[in-house]
Amino acid sequence: MKYLDEYRNQALIQRLAEQIKKRATRCWHVMEICGGQTHTLIRSGIDQLLDGIVQPVHGPGCPVCVTPLEKIDRAINVALTPRVTLATYGDMMRVPGSNSDLLHARSRGADVRIVYSPLDALMLAEKHADREIVFFAVGFETTAPANAMSVWLASQKDIPNFSLLVSHVLVPPAIEALLQDEESHIDGFIAPGHVCTVMGFEEYEELARRFSRPFVVAGFEPADLLEALLLLVAMLEENRFTVENQYTRCATRMGNLHARKMIREVFEVTDMKWRGLGTIHRSGFRLKDEYQSFDAEVRFPLDHISTPEPPHCCAGQVLQGKTKPSQCPAFGKECTPERPLGAPMVSSEGACAAYYSFRRFQENCL
Amino acid sequence: MCLGVPGEVLNVQRDPGSGLARGEVRFGGIVKEVNLSYTPEVQPGDYVVVHVGFSISRLNEAEAKKALRYLNQIGALSEQLPDEPPSPE
Ligand code: SF4
(Lines give C-alpha, C1' and ligand atoms only; values in the text may rest on other atoms or scores of the structure.)
Protein backbone atom coordinates (compact mmCIF):
# COMPACT_ATOMS: atom_id res chain seq x y z
CA MET A 1 0.00 0.00 0.00
CA LYS A 2 1.07 3.56 -0.67
CA TYR A 3 4.03 4.68 1.47
CA LEU A 4 3.86 1.78 3.88
CA ASP A 5 6.52 -0.53 2.44
CA GLU A 6 8.97 2.35 2.03
CA TYR A 7 8.68 3.11 5.73
CA ARG A 8 9.09 -0.53 6.73
CA ASN A 9 12.39 -0.97 4.89
CA GLN A 10 14.78 -2.82 7.21
CA ALA A 11 17.97 -1.19 5.89
CA LEU A 12 16.49 2.26 6.42
CA ILE A 13 15.39 1.32 9.93
CA GLN A 14 18.92 0.16 10.82
CA ARG A 15 20.51 3.32 9.40
CA LEU A 16 18.13 5.61 11.27
CA ALA A 17 18.80 3.74 14.51
CA GLU A 18 22.54 4.18 13.94
CA GLN A 19 22.08 7.92 13.47
CA ILE A 20 20.14 8.16 16.74
CA LYS A 21 22.87 6.27 18.58
CA LYS A 22 25.50 8.65 17.22
CA ARG A 23 23.49 11.74 18.19
CA ALA A 24 22.49 10.82 21.76
CA THR A 25 24.83 11.60 24.65
CA ARG A 26 22.52 10.12 27.29
CA CYS A 27 19.35 8.04 27.59
CA TRP A 28 16.29 10.14 26.79
CA HIS A 29 12.77 9.29 28.02
CA VAL A 30 10.34 9.84 25.19
CA MET A 31 6.59 9.35 25.40
CA GLU A 32 4.52 8.28 22.44
CA ILE A 33 0.92 9.17 23.13
CA CYS A 34 -0.80 7.05 20.55
CA GLY A 35 -1.49 3.34 21.10
CA GLY A 36 -0.96 2.65 17.40
CA GLN A 37 2.55 4.04 17.71
CA THR A 38 3.14 1.97 20.87
CA HIS A 39 2.35 -1.14 18.84
CA THR A 40 4.73 -0.19 16.02
CA LEU A 41 7.54 0.47 18.52
CA ILE A 42 7.11 -2.89 20.21
CA ARG A 43 6.25 -4.95 17.12
CA SER A 44 9.23 -3.68 15.14
CA GLY A 45 11.55 -3.98 18.14
CA ILE A 46 12.57 -0.30 18.08
CA ASP A 47 12.52 -0.30 21.89
CA GLN A 48 15.15 -3.07 21.89
CA LEU A 49 17.14 -1.55 19.02
CA LEU A 50 17.55 1.68 21.00
CA ASP A 51 17.92 0.11 24.44
CA GLY A 52 19.78 2.51 26.71
CA ILE A 53 19.57 5.35 24.12
CA VAL A 54 15.87 6.11 24.01
CA GLN A 55 13.51 4.79 26.66
CA PRO A 56 9.99 4.77 25.23
CA VAL A 57 7.33 5.68 27.77
CA HIS A 58 3.88 4.59 26.65
CA GLY A 59 1.18 7.21 26.96
CA PRO A 60 -2.58 7.25 27.45
CA GLY A 61 -3.45 7.25 23.75
CA CYS A 62 -5.62 4.20 23.48
CA PRO A 63 -9.24 5.37 23.49
CA VAL A 64 -10.58 2.01 24.66
CA CYS A 65 -8.13 2.00 27.57
CA VAL A 66 -8.99 5.45 28.91
CA THR A 67 -12.77 5.05 28.71
CA PRO A 68 -13.84 4.99 32.37
CA LEU A 69 -15.54 1.91 33.79
CA GLU A 70 -18.56 4.03 34.46
CA LYS A 71 -19.13 4.59 30.73
CA ILE A 72 -18.85 0.87 30.05
CA ASP A 73 -21.40 0.18 32.80
CA ARG A 74 -23.66 2.84 31.32
CA ALA A 75 -23.29 1.34 27.83
CA ILE A 76 -24.24 -2.10 29.18
CA ASN A 77 -27.22 -0.59 30.97
CA VAL A 78 -28.42 1.14 27.77
CA ALA A 79 -27.88 -2.03 25.73
CA LEU A 80 -30.09 -4.01 28.14
CA THR A 81 -32.98 -1.51 27.81
CA PRO A 82 -35.92 -2.89 25.80
CA ARG A 83 -36.20 -1.69 22.16
CA VAL A 84 -32.66 -0.33 22.17
CA THR A 85 -29.80 -1.30 19.86
CA LEU A 86 -26.33 -0.33 20.99
CA ALA A 87 -23.88 0.05 18.11
CA THR A 88 -20.18 0.09 18.87
CA TYR A 89 -16.70 -0.46 17.50
CA GLY A 90 -15.55 -4.08 17.86
CA ASP A 91 -12.78 -3.06 20.30
CA MET A 92 -15.33 -2.16 22.97
CA MET A 93 -17.08 -5.54 23.14
CA ARG A 94 -14.74 -7.22 25.60
CA VAL A 95 -13.71 -4.24 27.73
CA PRO A 96 -14.67 -5.24 31.26
CA GLY A 97 -17.13 -3.04 33.12
CA SER A 98 -17.49 -3.46 36.86
CA ASN A 99 -18.97 -6.94 36.52
CA SER A 100 -19.74 -7.67 32.90
CA ASP A 101 -18.94 -6.61 29.33
CA LEU A 102 -20.93 -5.88 26.19
CA LEU A 103 -20.33 -9.37 24.84
CA HIS A 104 -21.99 -10.85 27.93
CA ALA A 105 -24.78 -8.32 27.68
CA ARG A 106 -25.37 -9.60 24.15
CA SER A 107 -25.52 -13.20 25.34
CA ARG A 108 -28.11 -12.06 27.90
CA GLY A 109 -30.32 -10.82 25.06
CA ALA A 110 -29.13 -7.25 24.54
CA ASP A 111 -29.03 -6.09 20.91
CA VAL A 112 -25.39 -5.03 20.54
CA ARG A 113 -24.06 -4.56 17.02
CA ILE A 114 -20.50 -4.04 15.89
CA VAL A 115 -20.20 -1.29 13.30
CA TYR A 116 -17.28 0.15 11.36
CA SER A 117 -18.46 3.77 11.38
CA PRO A 118 -21.08 5.89 13.19
CA LEU A 119 -22.73 6.28 9.77
CA ASP A 120 -23.53 2.56 9.87
CA ALA A 121 -25.31 3.19 13.16
CA LEU A 122 -27.19 6.09 11.60
CA MET A 123 -28.29 3.80 8.76
CA LEU A 124 -29.59 1.31 11.33
CA ALA A 125 -31.65 4.14 12.86
CA GLU A 126 -33.14 5.03 9.46
CA LYS A 127 -33.98 1.39 8.81
CA HIS A 128 -35.43 0.54 12.23
CA ALA A 129 -37.66 3.48 13.13
CA ASP A 130 -39.26 1.40 15.92
CA ARG A 131 -35.96 1.05 17.84
CA GLU A 132 -33.66 3.48 19.58
CA ILE A 133 -30.16 3.24 18.08
CA VAL A 134 -27.39 4.38 20.43
CA PHE A 135 -23.85 4.69 19.11
CA PHE A 136 -21.09 4.34 21.71
CA ALA A 137 -18.95 7.29 20.56
CA VAL A 138 -15.57 6.58 22.05
CA GLY A 139 -12.35 8.10 20.87
CA PHE A 140 -9.78 10.83 20.57
CA GLU A 141 -9.89 13.75 18.12
CA THR A 142 -9.52 11.29 15.19
CA THR A 143 -13.02 9.86 15.53
CA ALA A 144 -14.64 13.20 16.42
CA PRO A 145 -15.19 14.31 12.78
CA ALA A 146 -17.08 11.07 12.05
CA ASN A 147 -19.17 11.27 15.22
CA ALA A 148 -19.89 14.97 14.69
CA MET A 149 -21.05 14.30 11.12
CA SER A 150 -23.38 11.49 12.26
CA VAL A 151 -25.14 13.81 14.71
CA TRP A 152 -25.29 16.66 12.22
CA LEU A 153 -26.81 14.37 9.59
CA ALA A 154 -29.28 12.97 12.13
CA SER A 155 -30.42 16.49 12.90
CA GLN A 156 -30.54 17.53 9.20
CA LYS A 157 -32.51 14.44 8.22
CA ASP A 158 -34.60 14.57 11.37
CA ILE A 159 -33.83 11.06 12.59
CA PRO A 160 -35.24 11.07 16.13
CA ASN A 161 -34.26 7.54 17.17
CA PHE A 162 -30.47 8.06 16.96
CA SER A 163 -28.22 9.17 19.81
CA LEU A 164 -24.60 9.06 20.97
CA LEU A 165 -23.21 7.82 24.27
CA VAL A 166 -20.23 10.16 24.20
CA SER A 167 -16.84 9.41 25.72
CA HIS A 168 -14.57 11.72 23.75
CA VAL A 169 -11.13 12.63 25.02
CA LEU A 170 -8.54 15.17 23.89
CA VAL A 171 -4.78 14.70 23.75
CA PRO A 172 -3.26 18.11 24.66
CA PRO A 173 -4.98 18.45 28.08
CA ALA A 174 -3.82 14.92 28.99
CA ILE A 175 -0.22 15.83 28.11
CA GLU A 176 -0.55 18.93 30.25
CA ALA A 177 -1.81 16.82 33.18
CA LEU A 178 1.10 14.40 32.77
CA LEU A 179 3.63 17.24 32.70
CA GLN A 180 2.17 18.81 35.83
CA ASP A 181 2.69 15.55 37.69
CA GLU A 182 6.03 15.76 39.50
CA GLU A 183 6.49 11.98 39.44
CA SER A 184 6.68 11.76 35.66
CA HIS A 185 10.02 12.28 33.93
CA ILE A 186 9.35 12.66 30.25
CA ASP A 187 11.95 14.53 28.22
CA GLY A 188 10.05 14.79 24.93
CA PHE A 189 6.95 13.65 23.09
CA ILE A 190 6.00 11.96 19.85
CA ALA A 191 2.72 13.69 18.99
CA PRO A 192 0.01 11.53 17.41
CA GLY A 193 0.03 11.97 13.63
CA HIS A 194 -3.64 11.41 12.95
CA VAL A 195 -4.90 13.48 15.87
CA CYS A 196 -2.75 16.31 14.45
CA THR A 197 -3.99 15.57 10.92
CA VAL A 198 -7.45 16.50 12.21
CA MET A 199 -6.67 19.23 14.77
CA GLY A 200 -3.31 20.66 13.61
CA PHE A 201 -0.52 21.19 16.10
CA GLU A 202 -0.78 24.76 17.35
CA GLU A 203 -1.77 23.55 20.81
CA TYR A 204 1.42 21.48 21.01
CA GLU A 205 3.49 24.60 20.26
CA GLU A 206 1.97 26.18 23.35
CA LEU A 207 2.78 23.07 25.45
CA ALA A 208 6.37 22.99 24.11
CA ARG A 209 6.86 26.63 25.17
CA ARG A 210 5.21 26.35 28.58
CA PHE A 211 6.85 23.12 29.69
CA SER A 212 10.16 23.31 27.76
CA ARG A 213 9.66 19.99 26.00
CA PRO A 214 10.16 19.17 22.31
CA PHE A 215 7.41 17.52 20.26
CA VAL A 216 7.57 15.74 16.90
CA VAL A 217 4.35 14.98 15.03
CA ALA A 218 4.93 11.51 13.61
CA GLY A 219 3.42 8.82 11.43
CA PHE A 220 2.89 5.19 12.34
CA GLU A 221 5.45 3.14 10.44
CA PRO A 222 8.81 2.09 11.91
CA ALA A 223 10.83 4.57 9.82
CA ASP A 224 8.37 7.36 10.71
CA LEU A 225 8.94 6.74 14.41
CA LEU A 226 12.70 6.44 14.07
CA GLU A 227 12.90 9.67 12.10
CA ALA A 228 10.77 11.33 14.78
CA LEU A 229 13.09 9.99 17.49
CA LEU A 230 16.11 11.29 15.57
CA LEU A 231 14.53 14.76 15.38
CA LEU A 232 13.58 14.61 19.07
CA VAL A 233 17.03 13.52 20.21
CA ALA A 234 18.58 16.35 18.15
CA MET A 235 16.24 18.88 19.75
CA LEU A 236 16.89 17.52 23.24
CA GLU A 237 20.65 17.58 22.73
CA GLU A 238 20.41 21.20 21.54
CA ASN A 239 17.90 22.32 24.23
CA ARG A 240 15.37 23.28 21.56
CA PHE A 241 11.78 23.09 22.67
CA THR A 242 9.56 23.46 19.64
CA VAL A 243 7.27 21.31 17.49
CA GLU A 244 8.54 19.66 14.33
CA ASN A 245 6.43 17.77 11.84
CA GLN A 246 7.76 14.45 10.57
CA TYR A 247 4.37 13.39 9.13
CA THR A 248 4.22 16.01 6.38
CA ARG A 249 2.48 13.61 3.98
CA CYS A 250 -0.68 13.95 6.10
CA ALA A 251 -0.50 16.44 8.95
CA THR A 252 -0.38 20.22 8.64
CA ARG A 253 -0.09 22.95 11.28
CA MET A 254 -3.77 23.92 11.00
CA GLY A 255 -5.14 20.40 10.54
CA ASN A 256 -8.26 19.61 8.54
CA LEU A 257 -10.33 22.81 8.58
CA HIS A 258 -13.47 21.13 7.23
CA ALA A 259 -13.36 18.53 9.99
CA ARG A 260 -12.59 21.10 12.68
CA LYS A 261 -15.56 23.19 11.58
CA MET A 262 -17.92 20.22 11.88
CA ILE A 263 -16.51 19.32 15.31
CA ARG A 264 -17.09 22.94 16.47
CA GLU A 265 -20.63 22.83 15.10
CA VAL A 266 -21.63 19.80 17.17
CA PHE A 267 -19.29 19.49 20.17
CA GLU A 268 -17.98 21.73 22.93
CA VAL A 269 -15.05 21.18 25.27
CA THR A 270 -15.86 19.89 28.75
CA ASP A 271 -14.17 18.35 31.81
CA MET A 272 -13.76 14.60 31.28
CA LYS A 273 -13.11 11.57 33.43
CA TRP A 274 -10.27 9.28 32.17
CA ARG A 275 -9.68 5.73 33.32
CA GLY A 276 -6.68 5.77 35.58
CA LEU A 277 -6.07 9.50 35.31
CA GLY A 278 -9.19 10.88 36.98
CA THR A 279 -11.03 13.97 35.80
CA ILE A 280 -8.95 16.31 33.64
CA HIS A 281 -10.04 19.92 33.17
CA ARG A 282 -11.42 20.64 29.66
CA SER A 283 -10.14 17.34 28.27
CA GLY A 284 -13.15 16.01 26.37
CA PHE A 285 -16.09 16.80 24.14
CA ARG A 286 -19.79 16.89 24.94
CA LEU A 287 -22.65 17.59 22.56
CA LYS A 288 -23.60 21.25 22.43
CA ASP A 289 -26.95 22.34 23.85
CA GLU A 290 -28.48 22.51 20.35
CA TYR A 291 -27.71 18.80 19.92
CA GLN A 292 -28.65 17.62 23.44
CA SER A 293 -31.58 15.61 22.09
CA PHE A 294 -28.99 13.32 20.47
CA ASP A 295 -27.22 12.67 23.78
CA ALA A 296 -27.96 9.18 25.11
CA GLU A 297 -27.18 10.35 28.65
CA VAL A 298 -30.00 12.89 28.34
CA ARG A 299 -32.36 10.41 26.68
CA PHE A 300 -31.83 7.56 29.16
CA PRO A 301 -31.56 7.89 32.95
CA LEU A 302 -27.92 6.91 33.55
CA ASP A 303 -26.76 9.36 36.23
CA HIS A 304 -27.27 6.77 38.98
CA ILE A 305 -24.47 4.62 37.51
CA SER A 306 -21.11 5.67 38.89
CA THR A 307 -18.32 3.15 39.26
CA PRO A 308 -14.99 3.40 41.06
CA GLU A 309 -11.91 2.00 39.31
CA PRO A 310 -10.88 -1.55 40.35
CA PRO A 311 -7.90 -1.79 42.73
CA HIS A 312 -6.23 -4.88 41.17
CA CYS A 313 -5.44 -3.36 37.75
CA CYS A 314 -2.65 -0.81 37.59
CA ALA A 315 -3.86 0.57 34.25
CA GLY A 316 -3.72 4.09 35.67
CA GLN A 317 0.00 3.78 36.30
CA VAL A 318 0.54 2.16 32.91
CA LEU A 319 -1.43 4.89 31.13
CA GLN A 320 0.66 7.59 32.78
CA GLY A 321 3.86 5.86 31.74
CA LYS A 322 4.85 5.24 35.38
CA THR A 323 4.68 1.44 35.19
CA LYS A 324 5.56 -0.85 32.31
CA PRO A 325 2.83 -3.39 31.54
CA SER A 326 5.24 -6.22 32.42
CA GLN A 327 5.72 -4.69 35.87
CA CYS A 328 2.03 -5.09 36.72
CA PRO A 329 1.73 -8.10 39.10
CA ALA A 330 -1.27 -9.45 37.16
CA PHE A 331 0.39 -9.16 33.73
CA GLY A 332 0.44 -12.51 31.89
CA LYS A 333 -0.87 -14.28 35.00
CA GLU A 334 -4.40 -13.34 36.07
CA CYS A 335 -4.54 -10.88 33.17
CA THR A 336 -4.16 -12.09 29.57
CA PRO A 337 -5.88 -11.12 26.31
CA GLU A 338 -8.18 -14.15 26.74
CA ARG A 339 -9.17 -13.09 30.28
CA PRO A 340 -8.36 -9.39 30.53
CA LEU A 341 -8.64 -7.60 33.87
CA GLY A 342 -8.23 -4.16 32.40
CA ALA A 343 -8.81 -2.34 29.14
CA PRO A 344 -5.12 -1.99 28.11
CA MET A 345 -5.06 -5.79 27.75
CA VAL A 346 -8.22 -5.87 25.61
CA SER A 347 -7.73 -3.21 23.06
CA SER A 348 -5.65 -3.84 19.96
CA GLU A 349 -4.03 -0.48 20.74
CA GLY A 350 -3.45 -1.11 24.45
CA ALA A 351 0.09 -1.18 25.85
CA CYS A 352 -0.50 -4.36 27.91
CA ALA A 353 -1.79 -6.21 24.82
CA ALA A 354 1.26 -5.03 22.83
CA TYR A 355 3.64 -6.31 25.52
CA TYR A 356 1.78 -9.61 25.71
CA SER A 357 1.56 -10.19 21.93
CA PHE A 358 5.21 -9.38 21.34
CA ARG A 359 6.42 -11.28 24.39
CA ARG A 360 7.91 -8.44 26.41
CA PHE A 361 7.69 -10.29 29.70
CA GLN A 362 10.87 -8.99 31.20
CA GLU A 363 10.88 -5.88 33.28
CA ASN A 364 12.80 -3.00 31.78
CA CYS A 365 13.61 -0.34 34.32
CA LEU A 366 11.97 2.98 33.62
CA MET B 1 -10.32 2.40 15.99
CA CYS B 2 -7.72 5.12 15.92
CA LEU B 3 -5.70 3.53 13.19
CA GLY B 4 -5.99 5.38 9.90
CA VAL B 5 -5.48 3.42 6.73
CA PRO B 6 -4.33 4.85 3.39
CA GLY B 7 -6.37 3.85 0.37
CA GLU B 8 -6.84 4.85 -3.27
CA VAL B 9 -9.93 6.82 -4.28
CA LEU B 10 -11.67 5.04 -7.15
CA ASN B 11 -14.55 7.43 -7.74
CA VAL B 12 -16.16 10.51 -6.20
CA GLN B 13 -19.84 11.42 -6.02
CA ARG B 14 -20.82 14.85 -4.79
CA ASP B 15 -24.27 15.78 -3.52
CA PRO B 16 -24.82 19.30 -4.91
CA GLY B 17 -27.43 20.11 -2.24
CA SER B 18 -25.54 19.28 0.95
CA GLY B 19 -22.02 19.58 -0.51
CA LEU B 20 -21.23 16.15 0.93
CA ALA B 21 -18.93 13.87 -1.03
CA ARG B 22 -18.49 10.12 -0.93
CA GLY B 23 -16.79 7.51 -3.04
CA GLU B 24 -15.25 4.10 -3.21
CA VAL B 25 -11.76 3.66 -1.79
CA ARG B 26 -9.55 0.63 -2.36
CA PHE B 27 -7.43 -0.72 0.52
CA GLY B 28 -5.30 -3.51 -0.88
CA GLY B 29 -7.88 -6.00 -2.12
CA ILE B 30 -10.88 -4.48 -0.33
CA VAL B 31 -13.11 -1.70 -1.68
CA LYS B 32 -15.16 0.31 0.80
CA GLU B 33 -17.57 3.21 0.56
CA VAL B 34 -16.01 6.21 2.33
CA ASN B 35 -17.36 9.62 3.24
CA LEU B 36 -15.07 12.14 1.52
CA SER B 37 -16.70 15.35 2.82
CA TYR B 38 -13.65 16.38 4.84
CA THR B 39 -11.38 16.14 1.79
CA PRO B 40 -13.64 17.67 -0.87
CA GLU B 41 -10.71 18.31 -3.21
CA VAL B 42 -9.88 14.63 -3.81
CA GLN B 43 -10.01 13.13 -7.29
CA PRO B 44 -9.99 9.49 -8.41
CA GLY B 45 -6.41 8.22 -8.21
CA ASP B 46 -5.60 10.27 -5.07
CA TYR B 47 -4.72 8.47 -1.86
CA VAL B 48 -6.58 9.35 1.35
CA VAL B 49 -6.17 8.33 4.99
CA VAL B 50 -9.42 6.85 6.26
CA HIS B 51 -10.64 6.68 9.85
CA VAL B 52 -13.95 5.00 10.78
CA GLY B 53 -15.43 5.53 7.33
CA PHE B 54 -14.23 9.11 6.79
CA SER B 55 -11.22 10.37 4.92
CA ILE B 56 -9.40 12.80 7.21
CA SER B 57 -6.60 13.75 4.83
CA ARG B 58 -5.42 13.53 1.27
CA LEU B 59 -2.01 11.92 1.17
CA ASN B 60 0.34 14.62 -0.07
CA GLU B 61 2.49 12.86 -2.67
CA ALA B 62 4.93 15.73 -3.18
CA GLU B 63 5.62 15.83 0.57
CA ALA B 64 5.88 12.05 0.74
CA LYS B 65 8.47 11.97 -2.05
CA LYS B 66 10.45 14.83 -0.49
CA ALA B 67 10.47 13.05 2.88
CA LEU B 68 11.64 9.77 1.36
CA ARG B 69 14.42 11.54 -0.55
CA TYR B 70 15.52 13.08 2.73
CA LEU B 71 15.42 9.74 4.54
CA ASN B 72 17.48 8.11 1.82
CA GLN B 73 20.00 10.94 2.13
CA ILE B 74 20.33 10.18 5.83
CA GLY B 75 21.15 6.65 4.80
CA ALA B 76 23.70 7.74 2.22
CA LEU B 77 25.27 10.12 4.75
CA SER B 78 25.74 7.39 7.31
CA GLU B 79 27.36 5.21 4.67
CA GLN B 80 29.84 7.97 3.81
CA LEU B 81 30.76 8.46 7.45
CA PRO B 82 31.68 5.07 8.83
CA ASP B 83 32.26 4.87 12.57
CA GLU B 84 35.61 3.20 12.20
CA PRO B 85 38.26 3.98 9.63
CA PRO B 86 38.20 1.47 6.77
CA SER B 87 40.74 -1.25 7.25
CA PRO B 88 43.82 -0.76 5.07
CA GLU B 89 43.93 -3.17 2.16
S1 SF4 C 1 -1.63 -6.20 32.76
FE2 SF4 C 1 -3.88 -6.32 33.02
S3 SF4 C 1 -4.20 -5.85 35.19
FE4 SF4 C 1 -2.12 -5.17 34.68
S5 SF4 C 1 -2.33 -2.99 34.07
FE6 SF4 C 1 -2.47 -4.20 32.19
S7 SF4 C 1 -4.69 -4.52 31.92
FE8 SF4 C 1 -4.41 -3.91 34.08
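Two strands are taken to pair if DSSP finds at least two bridges between them. The model on display is a predicted one.

**Stop 1**

Select residues 267–274 of chain A, which form strand 10, and then residues 278–287, which form strand 11. These two strands run antiparallel and are joined by seven bridges. One residue pair to display is M272(A) with its bridge partner in strand 11 of chain A, I280(A).

Now extend the view to the whole sheet. It is open, has six strands in the order 4-3-5-6-11-10 (chain A), and shows mixed pairing. Strand 10 of chain A is one of its edge strands; the other is strand 4 (111–114), and each pairs on one side only. Between neighbouring strands of this sheet the average turn is 25°, direction ignored.

**Stop 2**

Select residues 188–192 and 215–218 of chain A, which are strand 7 and strand 8. They pair in the parallel sense over four bridges, and A191(A) stands opposite V217(A) in strand 8 of chain A.

These strands belong to an open sheet of five strands, ordered 2-1-7-8-9 (chain A), with parallel pairing. At its edges stand strand 2 (54–61) and strand 9 (243–245) of chain A; each has a single partner strand, so one side of each lacks a neighbour in the sheet. The twist from one strand to the next averages 25°.

Residues 35–43 of chain A, helix 2, pack on this sheet. Helix 2 of chain A touches strand 1 (28–34), strand 2, strand 7 and strand 8 of chain A, and its direction makes about 125° with that of strand 1 of chain A.

**Stop 3**

Select residues 10–23 of chain A, helix 1. Its 14 residues reach 20 Å from the first C-alpha to the last, close to the 20 Å expected at 1.5 Å a residue. Which residues of helix 1 of chain A are buried? They are L12(A), I13(A), L16(A), A17(A), Q19(A) and I20(A). These residues cover an arc of only 155° around the axis, which puts them on the same side of helix 1 of chain A. At the N-terminal end of this helix, show the side chain of N9(A): it caps the helix, with a side-chain oxygen 2.9 Å from the backbone nitrogen of A11(A).

**Stop 4: strand 5 of chain B**

Select residues 47–51 of chain B. Five of the five residues of this strand are buried, so strand 5 of chain B is largely enclosed by the rest of the structure. Y47(B), V49(B) and H51(B) lie on one side, and V48(B) and V50(B) on the other.

Finally, centre on V49(B). P6(B) stands opposite V49(B), and in strand 6 of chain B the bridge partner of V49(B) is S57(B). Strand 1 (residues 5–9) of chain B pairs with strand 5 of chain B in the antiparallel sense over four bridges. Four bridges also join strand 5 of chain B to strand 6 (residues 54–58) of chain B, again antiparallel. The latter two strands form a hairpin with two residues between them, and V52(B) in the turn has a positive phi of about 35°.

Conventions:
Residues numbered from 1 in each chain as written. Chains lettered and ligands numbered in written order. Predicted model: local features only at pLDDT ≥ 70, side-chain atom pairs only at ≥ 80, totals over all residues. Heavy atoms only, no water. Axes fitted to C-alpha atoms, helices over the stretch in contact; angles between N-to-C directions. Expected span 1.5 Å × (residues − 1). Buried < 20%, exposed > 50% of the residue type's maximum accessible area, 1.4 Å probe, protein only. Arc of directions from axis to C-beta. Polar contact = N/O pair within 3.5 Å; in protein donor to acceptor, adjacent residues only side chain to side chain. Contact = heavy atoms within 4.5 Å.
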